[in-house]
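Hi,

Here is the structure I promised to pass on.

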Amino acid sequence: MKQGEIQTMKTLIVTEKEAGQRLDKLLTKYLNLAGRGFIYKMLRKKNITVNGKKCDGSEKLSKGDEIKLFLAEETLQKFSQVQVQKVRDIQLSVIYEDAHILLINKPSGMLSQKAKEGDESLVEYVIDYLLKNGDLSSQDLATFRPSVCNRLDRNTSGLVAAGKSLPGLQILSEAFRDRSLHKYYYCVVKGALKEKRTISGFLLKDEKTNQVKIFKDQVPESQPIVTTYEPVSVFDNYTLLRVTLVTGRTHQIRAHFSSIGYPLVGDGKYGDAGVNEEARRRFGIRHQMLHSFQMEFPDLPEPLSYLSGRMFTAPLPEEFKRICSEWATRE
């Protein structure tokens, strides 16, 4: 502490939102402008304690733990600054919400997470929504920031899960990683597919272009992919498919169907320009026709056990409704 600075004592009480993480992880969020070296130095000097005891930062925090920071007020102000990005005032389509999670029907055209500084993504809209509803305060943001547990491409619509608490974020993120949480999609492809099938192949991603290629046989650094589809309706050489991702790779559905000659309608990256122009003219389609419409939750541990086995569905966006309504009149 510099001469003339007055040491103060700041107390943080660990809430349910923050429980389950390491002490050093929480401190890097709270002292977000301080280096890790400074934080570990303060721990060694016992300027930061948990429940009155000296710590090294590896301690796993529980709800109700008392963290004390014996630091100068100037130091706290310098190193702890909550930043809340201002975003447009939009209405989120919330499918389900409780104390731990939030399920949103993301529209096409919206980023799931920032691609670059200054972007507005679903993460920022979720934080804004929770702040306005009073489920989150700027003080909460000093130690925990809600975020999404899964991502959809900008122009893919449908269900995205967000964690409102740390347990919610961690448990659901793990369920997406280990693929125990099942996801189901609707898509519209050009061509008539009339039988339920499972297709497989190998996907190779180019990190520089963020594009993928599909191969029948394995090539170096490629990953195996498996996609199951079931036709729902066929009209004028278009097919509405119900798709299950057995694996979940980048752009898997879009690239996989394109590779077998049935490109997604409206897909500017893997689709067919002529097909896309026809769909724009006939149906006003400006985004790829891919919608994550359903999630089925696996058995989940506490405190999310109440969600085990539950299924949630997001209604179809207007683009799908326009095509489906025309199909309905023809059938």
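How much space lies in the largest cavity? About 50 Å³. A cavity here is a set of points on a 1 Å grid over the protein atoms alone where a 1.4 Å probe fits but cannot get out; points are joined across faces, edges and corners, and the volume is the space filled by probe spheres set on them. The structure holds one cavity of 30 Å³ or more. Its lining residues (an atom within 4 Å of a point) include S108, N155, H287 and F320. By type, the lining divides into four nonpolar, five polar and one charged, where Asp, Glu, Lys and Arg count as charged, Ala, Val, Leu, Ile, Met, Phe, Trp, Tyr, Cys and Pro as nonpolar, and the others, Gly among them, as polar.

Before you read on: this is a predicted model, where local features need pLDDT of at least 70 and side-chain atom pairs count only at pLDDT 80 or more, while totals for chains, interfaces and linings use all residues. Residues are numbered from 1 along each chain as its sequence is written, and side-chain values use heavy atoms, with hydrogens and water left out.

Nine of the 12 residues in α4 are buried, meaning under 20% relative accessible area with a 1.4 Å probe and protein chains only; exposed is over 50%, and partly exposed is in between. Among the buried ones are L122, Y125 and Y129. The cover over them includes β5, β6, β7 and β8, going by contact, which is heavy atoms within 4.5 Å.

Now the strands, which pair if DSSP finds at least two bridges between them. β12 runs antiparallel to β10, joined by seven bridges, and R197 has Y229 as its bridge partner. β12 also pairs with β13, again antiparallel, over eight bridges; there V234 stands opposite T239. Two residues sit between the strands of that hairpin, where D236 has a positive phi near 50°. N237, in the loop between β12 and β13, has a positive phi of about 65° without being a glycine, and is partly exposed at 41%.

One last thing to look up: E302 and P303 are joined by a cis peptide bond, with omega about 5°. P303 lies in the loop between β14 and β15.

Cheers

Terms used:
Helices (H or I, at least four residues) and strands (E, at least two) are DSSP runs, numbered from the N terminus. On a 1 Å grid over the protein atoms alone, a cavity is a set of points where a 1.4 Å probe fits but cannot get out, and a pocket is an open set with protein on both sides within 12 Å along at least five of seven lines; lining residues have an atom within 4 Å of a point.
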